[in-house]
Protein chains: 2
Amino acid sequence: MMRRIILSAGLLLVPLITVSAQTAGEVRTVDMMWFTWVGSIAALVFAFILVIVILRKDAGNDRTKEISKHVQSGAYAYIRQQYKIVGVFFVFLFVLFLVLSFGLNLMSRFVPFAFITGGMFSALAGFIGMSIATRANARTAWGARESLNSGLRIAFSSGTVMGMVVVGLALLDLSIWWAILSAFHLPPREIPGIMITFGMGASTMALFARLGGGIFTKAADVGADLVGKVESGIPEDDPRNPATIADNVGDNVGDVAGMGADLYESYADAIIATMALGSAAALGISGLSPLQLIQIPITIATVGVISSILGTFFVRAKADATQRVLLRALRSGVYLSTLFIAVLSFLMIYFILGSQYMGIWGAMIAGLVAGNIIGYSTEYYTSDNYKPTKSLSSESLTGPATIIIGGISLGMLSTLIPVVTVVIATLVAFFLSGGFAHPALGIYGVGLSAVGMLSTLGITLATDAYGPVADNAGGIAEMAKLDPEVRHRTDALDSLGNTTAATGKGFAIGSAALTALALLSTYGDKVIESIKNLFGSSTVPSHIERFYQGIINVTRTASGTIENVSLSINLLDPRILTGLFIGGVLPFVFVALSMRAVGRAAGDMVKEVRRQFQADEGILKGTSTPDYARCVAISTRGAQREMILPSILAVVAPIIVGIIFGPFTVLALLAGSLVTGFVLAVMMANSGGAWDNAKKFIENGAYGGKGSAPHKAAVVGDTVGDPFKDTSGPSLNILIKLMSMVSIVFVGVVIVLNNSITQLFG
Amino acid sequence: MMRRIILSAGLLLVPLITVSAQTAGEVRTVDMMWFTWVGSIAALVFAFILVIVILRKDAGNDRTKEISKHVQSGAYAYIRQQYKIVGVFFVFLFVLFLVLSFGLNLMSRFVPFAFITGGMFSALAGFIGMSIATRANARTAWGARESLNSGLRIAFSSGTVMGMVVVGLALLDLSIWWAILSAFHLPPREIPGIMITFGMGASTMALFARLGGGIFTKAADVGADLVGKVESGIPEDDPRNPATIADNVGDNVGDVAGMGADLYESYADAIIATMALGSAAALGISGLSPLQLIQIPITIATVGVISSILGTFFVRAKADATQRVLLRALRSGVYLSTLFIAVLSFLMIYFILGSQYMGIWGAMIAGLVAGNIIGYSTEYYTSDNYKPTKSLSSESLTGPATIIIGGISLGMLSTLIPVVTVVIATLVAFFLSGGFAHPALGIYGVGLSAVGMLSTLGITLATDAYGPVADNAGGIAEMAKLDPEVRHRTDALDSLGNTTAATGKGFAIGSAALTALALLSTYGDKVIESIKNLFGSSTVPSHIERFYQGIINVTRTASGTIENVSLSINLLDPRILTGLFIGGVLPFVFVALSMRAVGRAAGDMVKEVRRQFQADEGILKGTSTPDYARCVAISTRGAQREMILPSILAVVAPIIVGIIFGPFTVLALLAGSLVTGFVLAVMMANSGGAWDNAKKFIENGAYGGKGSAPHKAAVVGDTVGDPFKDTSGPSLNILIKLMSMVSIVFVGVVIVLNNSITQLFG
């Protein structure tokens, strides 16, 4: 413990020393970009140390080791297959970008490479998290033999590895690209625009990982249940069922690898978007340089890493700690990190910008507070400690229909607080950072509030990602026939994880909305920039000006060259309303396709399990081992096939709408899909979470407990909720950002093609 | 038949003669407002004749008469109770309006009275339709003894009465108010603005009728099933069950009275909104007067009435006609009406505006075509003749969870076509009516497309409203133990009704979206007008200008007085995004509250039925008659209590947001709730419809038929779908318009209060 405190104090000193070395208040342009390397390396080294600690733990007896091995090889089988298909998609886009940049000069030549690295790092974050989770599961089960606390230590360390790898790799990718682009002598103000492409790479990968992983998990779940339990009458988690391993693999590929890629994307996108906004906002404000504003989000992220590392040291409890004490320990870790980041970021912003712009610190804090409020609201609506879920479980008394209606209604009602919170955070961030005087600075503040919300990701993700490890540990304890007390303890850890995960989800959803909001502005800036670039200093073609009459305002010098181009995205313009409507419907279509995908992939799984039972009768007798890997591969193939259509929808829709209706309709489309996507994401996450916990509430003894009619009704709710909360809901967070990224990256192409079309009619 | 054709020819001549009496092409201002009286009286007289025809039919034997009587008195019991509670609400608003207009001079003094008449006429339309439906039900059952065709004749006549009363009363109210306001020497251009208040009255009443009726129906349904079928083991539609009558009453108060008030509102709102837009659009266009543009929607409505009446004469078939032939007959009636209206409206517009503005006719036709497309799309997604619902019913094979997931996903997917259709209709209407040169004229075209979509309401509503009559007739046939062939025939009529109702729903949803879209612009105009009125010709207070910087653009004369005030509702402004988000979440909250209301009201019903069974053992033995009326009253009270919160939400939300954030945030709020409200309304209607028909598909023999496990799963889907399609979904159509109306009516109050708040901060 002592050694750790010394280490933390040392890390804490880095920003303090830097700050004290400068005279405060003076406006200057210091280059703090090197500081990102500190954050990145600190996170990765810390993760590496934890990996060593975890791997030194005992993985248990032969049985637990074997089962863990099966889950591990299944997860790798999934990842192999996933990379094959996603690889094709990435190669296609990479080649397309090569053509568009080197061939047609429609985008920067760094774009193809930035895109590829974004995707690779996102995948890597998920992969490392998953690798360690599949090794920590058996160790957690074995540790839980000793005490609740030792189980928690291992599971939480595994979650922390994930958290640290995500933030570490994100900062590493940022640092590398910053160094490369600086080496090419690009001015700081142009760099973030290019880096957005790596955000698009990360988002694309994340969407595949979340959607594919989500489809996989639910397909395996349903397949295992329908053929195993219902048709063949063998119990749950029985090793004779070929889909059982796939079911456990699902926890790892969906809830761990998917979540890792997802949050890598959230984190990186929020930072990059804010950097891009900063590069634009500094213009026209005396005493502010682009570099200053670009540095703020990444230095906040870096002090966030340090705060998170410090926070993890406070997640400690005595060996005989109860569940309640452990919850307090977890929470105190998060709270202390929040406190650290609040203080450190104040110092950093003061150091970089001086006392005049401290409202920007307020904007960041607004995001941090909003994240917590959304988290609590999620917990209130989905935990069986509170009224909503308790009363939902009572609706199971009148059958499955009423609990379904109740759950949908609960989810819809639960959208109010998060939406109002995000709205208030946006206004506060905008206002505090001086948006009424300088709108661009205000939007930059909104971006910073998203960065603030995610700044403690290192530790909040840890509290979220340890849940699936505990869940897996429970499965292993059951299959390996360990002492029932072990299962009891892993269940306690799992339920603890559900509570802390609620907060984690709040951060993911809230930050997605704020980031997407900030990206709207970035897109607007990009449109103007592209129009200027494409048409040079000559006039904007008159047919374009005619077509966008009232939207583009071009002011010209006496000689006719463009002096300024500004946008007025009038909500009452039918071309804008068109975008709003189409954008509003897209998340619904996306959810529809992704939920249907779960059904189809489950069908494939059902066929495969039946086939194995028929091909080898020894499987059911327990004399031969079923082909777990093949089952995993089949479900993987199903998942990968089914995830393509919804993903393509996300990438293609804004491009097609842009080509037909122009870039301004796309702006409205992004706003429309942000609104419905955000609301739907909250609804689906909370309906799903509440059904899950309502079922658990009954399983813990209410309304007749396990096997009663109300329990059966609650199981129907839980099954409906699975794709809600684990497939479609979280994918929506990625969707709304990916659509913005795609629009930004393709803006030049869209304007040129739309130009040709309007020329035909103009 | 011959007599009818002569009558139709006579009516058809009215517009033709009027047209020929003028020299075409010449631009002049003719006053055609008298023509509305023709439409109104024609519709009401025709309805009156049909009522006499229906009442002359034989109501059957004592048993059918008695049951019909019970349903009737139940329906009246509901209406009595409803008026008590709605009355309180209306009196409150009436007094508030009196204070605001006479006391504080914040709105026109006609507002309180216009509001009251709008509500009264809306209620009256629903009431008359319901009265005749509760009389036609036994007659339809008795008629169906003879043939399918004679059953259809009676039910369809009852539906036609509803259709004609709705359009007749709407035009009557319009005519009366036009006459009154003209008598007070108000210039034509100011009249539509005041008439919007009666739109608000109609919408408020409609929301209560739809929501209350919807909650009532579903509460009675669930109550009857749970205690009657499940607890006491008596069959469905058994007269011993006190809630059985309530169940049948529900069809009448929800599907008939609720729908009548709803469509009265849609129809009146579309016309009034377009009149209001017309009064503004004519300004600044040489050769167009406000009166001309104001006249177009009402003359289209009037020729629509004539066309609808003509159309009904073609809904005829031989006595031994099959279901298929009858469907063709119904459709040919609608198609012919559509053809008539297309031709007649062309002549009318040509006559009123001359050849220069015939694009406006194109805008109207765009709406008519869009309505049909949305109708077909609804039919495709919800009819068991097509793939989506067929494959949905197959998902019942794997239990209730999969059919729920499938239905939600189907509903979400089905939103794409209606949204894209509305978007295209909007753009086409805007473009054809010259919106790129004169935006206000373009928006007027959008309003006209809504009027066009609803212009054949007289007959489309008839094809929609006869369904519940046939449904009731089936119940009566069952309870009165008529020949099973009768029930078979009423079922055939009912299923026919489902198909034609799909088209009707398409019109209701599509027109709601277009009307709400048009109302957005009206609201924008009203804001500018109010700011000018409130602050006179002096300057806009500087704190307001500062607060709305970038949104309001004020140009001044040299002396400092206001020359012009224009709006630029910039989508990227956080104050606008705030409105968009809050607006986007409101429909979700509304749906949540209304679905929860169904659950609670059903609970009341369950208690009442149990109480009656316990209080008098003779009821279950069949020796004493249960207290049907009390059961109806209990459920009514529950419904009325539960409908208050969601309704108040709709009225209060835009006012509160306006007071806090200002009228421009309200504009964005309306746009946001329009987008999500529209998409959710389509989704809920189609999910519900598909579940209903998937269940029927199984009952007709698929997957083991009635009583099989798949059937039970499908029943769960149907029960979930009930509040979707009959309570929350249709109420959303009203909600989005009511919110716009409320915002328009309260705009002055909101600006003054918001002014005080910004003064505090400014």
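Predicted model: local features only at pLDDT ≥ 70, side-chain atom pairs only at ≥ 80, totals over all residues.
Let me begin with the interface. The size of an interface is often given as the accessible area lost when the parts come together. Here, the area buried between chain B and chain A is about 5,800 Å², and carbon and sulfur atoms give 87% of that area. Each chain takes part with a stated number of residues: 62 residues from chain A and 62 residues from chain B.

What of the polar side of this interface? Between chain B and chain A there are zero salt bridges. Two residue pairs are in polar contact between the chains, both at pLDDT 80 or more.

Which elements of chain B form the side that touches chain A? Two or more residues come from each of α12 (400–413), α13 (416–432), α16 (484–535), α18 (574–615), α21 (663–699) and α22 (709–745) of chain B. Of these, α18(B) gives the largest share, with 17 residues. By class, the side of chain B that touches chain A has 48 nonpolar, 12 polar and two charged residues.

How many cavities of 30 Å³ or more does a search of the whole structure find? The search finds 12.

The largest cavity has a volume of about 140 Å³. It is lined by 13 residues, and those closest to its centre are R331(A), V334(A), T463(A), T500(A) and T503(A). Four helices of chain A give two or more residues to this lining: α9 (323–353), α10 (359–382), α15 (457–479) and α16 (484–535). The largest share, five residues, comes from α16(A). In the lining of the largest cavity, seven residues are polar, five are nonpolar and one is charged.

Next, the second largest cavity, with a volume of about 110 Å³. Which residues line the second largest cavity? They are R331(B), V334(B), Y335(B), N372(B), Y376(B), T460(B), T463(B), T500(B), T503(B) and G504(B). In chain B, α9 (323–353), α10 (359–382), α15 (457–479) and α16 each supply at least two residues of this lining. The classes here are six polar, three nonpolar and one charged.

To close, I would set two points side by side. On the side of chain B that touches chain A, 48 residues are nonpolar and 12 are polar. In the lining of the largest cavity, by contrast, five are nonpolar and seven are polar.

Note on methods:
Residues numbered from 1 in each chain as written. Chains lettered and ligands numbered in written order. Heavy atoms only, no water. Contact = heavy atoms within 4.5 Å. Buried area = accessible area lost by both parts, 1.4 Å probe. Salt bridge = Lys/Arg side-chain N within 4 Å of Asp/Glu carboxyl O. Polar contact = N/O pair within 3.5 Å; in protein donor to acceptor, adjacent residues only side chain to side chain. Nonpolar A, V, L, I, M, F, W, Y, C, P; charged D, E, K, R; others polar. 1 Å grid on protein atoms, 1.4 Å probe; cavity = no way out; pocket = protein on both sides within 12 Å on 5 of 7 lines; lining within 4 Å. Points joined across faces, edges and corners; volume = space filled by probe spheres on them.
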